[in-house]
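Good morning, and thank you for coming. Please bring up the sequence and the model so that we can go through some of its features together.

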Amino acid sequence: MTAGLMVTPLDGWIAGRTGAAGGCMTRAELEAYQLARLNATIAQVRHMSSFYRRHFAAMGANGLTCLEELADYPLTTPADVMEYAGEMICGSQGDISRVVTLTTSGTTGKPKRLYFTSADQKLTIDFFGCGMSTLVGPGDKTMILLPGERPGSVGELLFQGLLGIGARPAAYGLVQNLDDAVRTMCREEAVCLVGVPVQILAMARYWENWGKNSWTPRCALLSTDYVSAAIVSELRRIWDCEVYEHYGMTEMGLGGGLECAAHEGYHLREADLYFEIINPASARPCPDGEYGEVVFTTLTRQGMPLIRYRTGDISRFIVEPCPCGSRLRRLERVYSRQAGRVYFGQGRPVTMAELDEVLFTLPGVVDFTATLITAGQAAELTLAAEVLTEALPLDKSAILFAVRQLPAIRIAEQEGRLALTAEVACRLSLAPGKRSIRIVDQTGKEAQSAG
């Protein structure tokens, strides 16, 4: 443990959840708890879910004798959730207090539906409260820049979690007007901001150029989308604030993992979720420290448990001990998705994350879109940068120069397989969803998105 660095509060919270004596938890105790919860969850879904009864028909009924045996069970995919969500519910519909519908990209456009009981949501509230205690304490004003209008929405659950630790949450919602958002932040003297990376970056750049005020936030938590190092760097430069990253998705119950003050990976929510890293091609577990696809199993979910759910996220377990001294597993920052890679011929792939790293360093850029038009072996990539105002000119050549720093793009252009175009607009869409490379064919028909 590094001197002066506190152990993540998730350690004590998870130790209490697992029943560790004296609130001090060993890895062996945590893994014994996880094994027991895995067996209970598998028994639960076999008894109550018609989907999992079919899905596990070839598996023995004796349960797991060790964590490694879970790798023999079949994976659950997003396509399974799209098709069979209703058959995954355990219990009656009357037990469900929240249904979340997620739209999907691609040709089918069929949505995913996730079902949660009030007890499931209570666990998320508790996780949010514990996790936020890394950033704020009693009395600290925290501005929630996430959807919170509906009961059970992410902003509302975070609001409840903050109340539970004595902080003062201020529900604002997604940023639609930068001037209002920045003025509210300064008027409320918010010490912490929680929101979408591109929206908080836009606020910081607006504050820097027009709304500069003596008030600056002490810290920020970025969530809901990939967090680029360029955005983190800009927030630290403009506000001199500490920036934390959260990892989660709706399928996890919103909360999956959170950085500690060491900022060296996400400490995982191991009392409620069991994580694996698998080889995307073979679907077999990767050795610790090796990159692969993140897979998780819910351990305490009542409404709609998920067993070995494929996230599509690419990461690895960090094998070295965390400087904070935590015993929890850490996941390296997620940079890309398995399906989020664009290839130009047989060359190296390009991801939205790589585009983020080179374009968010440009002055005034608060967001951008990337559209790839394919035509046989050739392709055209259009990058449309969004800037705060036309008063801050951004030359198109600066955009092209920046993306040509990526070897895959530079080589594909030199070989005549890729044409680049750039646009600059002051429209400030501030899109809150997951950003991705939009891929269309020459007729304009959308094939997929790569994020």
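Strand β10 gives the largest share of the lining of the second largest pocket, namely 4 residues. Strands (E, at least two residues) and helices (H or I, at least four) are DSSP runs, numbered from the N terminus. This is a predicted model, in which local features need pLDDT of at least 70 and side-chain atom pairs count only at pLDDT 80 or more, while totals for chains, interfaces and linings use all residues. Residues are numbered from 1 along each chain as its sequence is written, and side-chain values use heavy atoms, with hydrogens and water left out.

The second largest pocket holds about 320 Å³ of space. Among its 17 lining residues, Glu-68, Tyr-274, Phe-275, Asp-288 and Arg-329 are the closest to the centre. Two or more residues of the lining come from each of α2 (27–48) and β10 (273–278). On a 1 Å grid over the protein atoms alone, a pocket is an open set of points with protein on both sides within 12 Å along at least five of seven lines; a cavity is a set where a 1.4 Å probe fits but cannot get out, and lining residues have an atom within 4 Å of a point. By class, the lining of this pocket has 9 nonpolar, 1 polar and 7 charged residues. Here Ala, Val, Leu, Ile, Met, Phe, Trp, Tyr, Cys and Pro count as nonpolar, Asp, Glu, Lys and Arg as charged, and the others, Gly among them, as polar.

Let me turn to the cavities. There are 3 cavities of 30 Å³ or more, and the largest cavity contains about 90 Å³ of space. Helix α5 (residues 118–132) contributes the most to the lining of the largest cavity, with 3 residues. That lining divides into 4 nonpolar, 4 polar and 4 charged residues.

Next, helix α4. Which residues of helix α4 (residues 78–88) are buried? They are Asp-80, Val-81, Ala-85 and Met-88, where buried means under 20% relative accessible area, exposed over 50%, and partly exposed in between, with a 1.4 Å probe and protein chains only. Seen down the axis of α4, these buried residues fall within an arc of 125 degrees, so they line one face of the helix; the arc is that of the directions from the helix axis to the C-beta atoms.

Finally, Thr-369 is located in strand β17 (residues 365–375). Its relative accessibility is 36%, so Thr-369 counts as partly exposed.

Technical notes: Grid points are joined across faces, edges and corners, and a volume is the space filled by probe spheres set on the points.
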